[in-house]
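Subject: Structure for your review

Hello,

Here is the structure I said I would pass on. My notes on it follow below.

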Amino acid sequence: MSYRPGSPSYRPGSPGGRRPMSSSSAHTRVEEELHEMAGIDYDKVTIKHNPSVPVLYEEALTHEVGTVISSAGALCSYSGKKTGRSPKDKRIVEEEDSGKDIWWGPVNTKMSERVFLINRERAIDYLNTHPRLYVFDGFAGWDPKYRKKVRVIASRAYHILFMRNMLIRPTDEELENFGTPDFTIFNAGEFPANRYTTGMTSTTSVSVNFKRHEMVILGTEYAGEMKKGAS
């Protein structure tokens, strides 16, 4: 039996799990990692890994409607209907290891593992429809002893530019040896959550799974949602 890469039952190296790399189409380490852990189709999607500020400006101005450069040189982008965070749409997966340390209430609302995986699958399916994706690997926390490796995957250049400012940018050597991220953010904010999914209160969903070390964003393009997940 084979599983789709990125599915709950998928394990890297399992039969049918990883497509072979042909000699005529070599892929980067990051492309392979995204394919294995999330099923990102690297043959159809162009992945831009840790792009520079000029590249992100150019990408946003070219592909994101309404984006302009201000007189001060800042990139001005639209975040859609959401111009701030959505506290009532945040969910945290209830699980044994972290559950006792969370102050459950109207903001920290419980979510099942199954619903998280439904949202995760929905986000990845949407990201796979994009001709280009942006990935940023950076560090949360300055002290190398305690800092966390964070990977952000997004369909908008403006989101990556935002997180490039929020996280500590790795040196070329640190990026080359980045390894497996400690936390991954899937930002599919341009695509709505299914409001008929159990526990959803709107088309916006910002969900965190501490066991999987992942965050999934649907239905909001407000960049500040990512900052809370990474911190």
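Two strands are taken to pair if DSSP finds at least two bridges between them. Helices (H or I, at least four residues) and strands (E, at least two) are DSSP runs, numbered from the N terminus.

This is a predicted model, in which local features need pLDDT of at least 70 and side-chain atom pairs count only at pLDDT 80 or more, while totals for chains, interfaces and linings use all residues. Residues are numbered from 1 along each chain as its sequence is written, and side-chain values use heavy atoms, with hydrogens and water left out.

Overall, the protein chain has seven helices and 10 strands. Of its 231 residues, 46% are buried (under 20% relative accessible area; exposed is over 50%, partly exposed in between; 1.4 Å probe, protein chains only). The accessible surface is about 12300 Å², and carbon and sulfur atoms account for 53% of that (Shrake-Rupley method with a 1.4 Å probe; for residues, only the protein chains shown count as cover). Taking contacts (heavy atoms within 4.5 Å) between residues at least 6 apart in sequence, 66% join residues at least 24 apart.

Strand S10 (residues 214–218) has five of its five residues buried. In a regular strand the side chains alternate between the two faces of the sheet. In S10 both faces are covered, with Glu214, Val216 and Leu218 on one side and Met215 and Ile217 on the other.

S10 pairs with strand S8 (residues 183–188) in the parallel sense over five bridges, and Thr184 stands opposite Glu214. With strand S9 (residues 205–209), S10 runs antiparallel, again over five bridges; there Val206 has Ile217 as its bridge partner. Four residues lie between the strands in the hairpin of S9 and S10, where His213 takes a positive phi near 60 degrees.

Ser207 lies in S9 and counts as buried because its relative accessibility is 0%. Beyond its neighbours within four places in sequence, Ser207 is in contact with Arg91, Met111, Phe116, Asn119, Glu214, Met215 and Val216.

Helix H2 (residues 53–63) has Leu56, Tyr57, Glu59 and Ala60 buried. These residues are on the same side of H2, because they cover an arc of only 165 degrees around the axis (taken from the directions from the helix axis to the C-beta atoms). They pack against strands S1 (46–49), S2 (68–69), S3 (75–76) and S6 (132–140) and helix H5 (157–166). The face of H2 turned away from the buried side carries the exposed residues Pro54, Glu58 and Thr62.

Regards
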